[in-house]
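Here is a short briefing for a first look at this model. Start with the fold, then move on to the domains and the pairing of the chains.

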There are 2 protein chains.
Amino acid sequence: MSRRIRLVVQYDGTDYVGWQLQQNGVSVQQRLNEAAFDVTGEAIRLHGSGRTDSGVHAKAQVAHFDTTARMPADKFAIAMNMRLPRDIRVLYSEEAPEGFHARFSAKNKTYRYTVQTGLHADVFTRNTALHIHTPLDFEKMRRAAADALGEHDFCAFMSAGTAMERTVRTVTRSEWTADGKYLYYDVSANGFLYNMVRILVGTMLEIGSGRLPQDAIACALNSGVRADAGATAPPQGLTLMRVQYDDFDTDEVLKR
Amino acid sequence: MSRRIRLVVQYDGTDYVGWQLQQNGVSVQQRLNEAAFDVTGEAIRLHGSGRTDSGVHAKAQVAHFDTTARMPADKFAIAMNMRLPRDIRVLYSEEAPEGFHARFSAKNKTYRYTVQTGLHADVFTRNTALHIHTPLDFEKMRRAAADALGEHDFCAFMSAGTAMERTVRTVTRSEWTADGKYLYYDVSANGFLYNMVRILVGTMLEIGSGRLPQDAIACALNSGVRADAGATAPPQGLTLMRVQYDDFDTDEVLKR
């Protein structure tokens, strides 16, 4: 009897080519597939809630796989962690309900992008924040973030060359907060296009530095032209924070 | 004309054999000596406020060196950072006043030891916190920490085989705080013996887990016997947070 197991996975993406299996290096998914193989003796292929790029992190990624192994579902986390490198952890495992799919059942996702200001890059966040030492107008960035709220066609905020039939998404949270030298951009939506968060952040950083006008986000949403948005921000500042389903929320798992 | 330059240095100690120059690997001091040589063309040997072990970090370490280089004192930080790896940063440089010595002039130091509780080790703090998944009685640890306050002979809290004439130190802060899954031990003193913080923490962790009685710190302070204290806690949880002098405080630099 095959069961579907769902996992909450945390990883530091610094040393990986990204979530997705790749020919050119080791991916997070590959390491998890290998650990699941070691535990079950079966050729396992995980399905994640979505891809993350090389250098992008996850505080809470969701994945599922099917297995006939008879191990209690909650033990997969511990058994897989014994075989995983220290920069990947399975925080939680359980049997998924009928019909659950890590990607297709996802209702909402939240990402955080972290910027560190100040003259020198902090050594403890060198792999998890983008260091910017030039002045930024934080109020401008906050106002620009609000322009992304709501239902829009985000095709200007998608890396060129991506094929995607439907590019309308609903953003339910889009805001910057500051804590000392750190600036955090938190964004939630029912889905994200490829590089959407990094292009939003890149555009807002150019608004904050004065290279783009205050209404650049609104203009690019209107025109739908990629060139009207800013550059794609570097990957290391980006972290997948939360994935929500009708019956499951990674924030509930992280609280335990 | 030789000047004395003082630096505030931050480092992630994970990949180093420690602060001090060693035969068996690369030290933080070696990398800084090399960067100072590249900048000045002189054979520079830095003096730190004290050693840190392999795997121990510094949010703010102080060091000084003498040079005849004519560069403005505040430019050494930027020039050295261009030559340093990303896990070592010079946060600040200035000309030191007459008679300043990073080690002998230090009046107070503060360390933080970080413990992460919970079933699985968090990937983002795997190198900067000690993960403990077994239950700890936090109240017992807090009460034990208070026993270290004040002037005591800390010879029981010094690694065996260390030669040290005077082992009396005055601890002005010794407390645990909790933030979610993280427990922080903050300790300030006019000086620390070799491994003193890690042995204090190791003892308190054994008090918290019930392996040692509540009064183990007080008893070891009384007896002066190393075996009465607990094991030396692992290095990765330890960070040098602050060094204070009569005329200089690293906290003032970090605020800028």
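In chain A, residues 24 or more positions apart account for 70% of the contacts with a separation of 6 or more. Two residues are in contact if their C-beta atoms, placed from the backbone, lie within 7 Å. This is a predicted model: local features need pLDDT of at least 70, side-chain atom pairs count only at pLDDT 80 or more, and totals for chains, interfaces and linings use all residues. Residues are numbered from 1 along each chain as its sequence is written, while chains are lettered from A and ligands numbered from 1 in the order in which they are written.

**Overall build of chain A**

- Chain A has six helices and 10 strands. These are DSSP runs, numbered from the N terminus: helices are H or I with at least four residues, strands are E with at least two.
- The C-alpha atoms of chain A fill a box of roughly 60 × 40 × 35 Å along the principal axes.
- Of the 256 residues in chain A, 41% are buried. A residue is buried if 20 or more other C-beta atoms, placed from the backbone, lie within 10 Å of its own, exposed if 12 or fewer, and partly exposed in between.

**Two domains**

- Chain A is assigned domain 1 (3-105) and domain 2 (108-241). The bounds come from an automatic or database domain assignment.
- The C-alpha centres of domain 1 and domain 2 of chain A lie 27 Å apart.
- Their contact takes 13 residues from domain 1 of chain A and nine residues from domain 2 of chain A.
- On the domain 1 side of chain A, three of these residues are nonpolar, seven polar and three charged. Ala, Val, Leu, Ile, Met, Phe, Trp, Tyr, Cys and Pro count as nonpolar, Asp, Glu, Lys and Arg as charged, and the others, Gly among them, as polar.

**Helix H3 of chain A**

- In helix H3 (residues 138-146) of chain A, Met141(A), Ala144(A) and Ala145(A) are buried.
- They lie on the same side of H3(A), because they cover an arc of only 105 degrees around the axis. The arc is that of the directions from the helix axis to the C-beta atoms.
- The buried residues of H3(A) pack against S8 (168-179), S9 (182-189), H4 (196-208) and H5 (216-223) of chain A.

**How the chains pair**

- Contacts link 15 residues of chain A with 15 residues of chain B.
- S4(A) gives the most to the side of chain A that touches chain B, with three residues.
- That side of chain A has six nonpolar, four polar and five charged residues.
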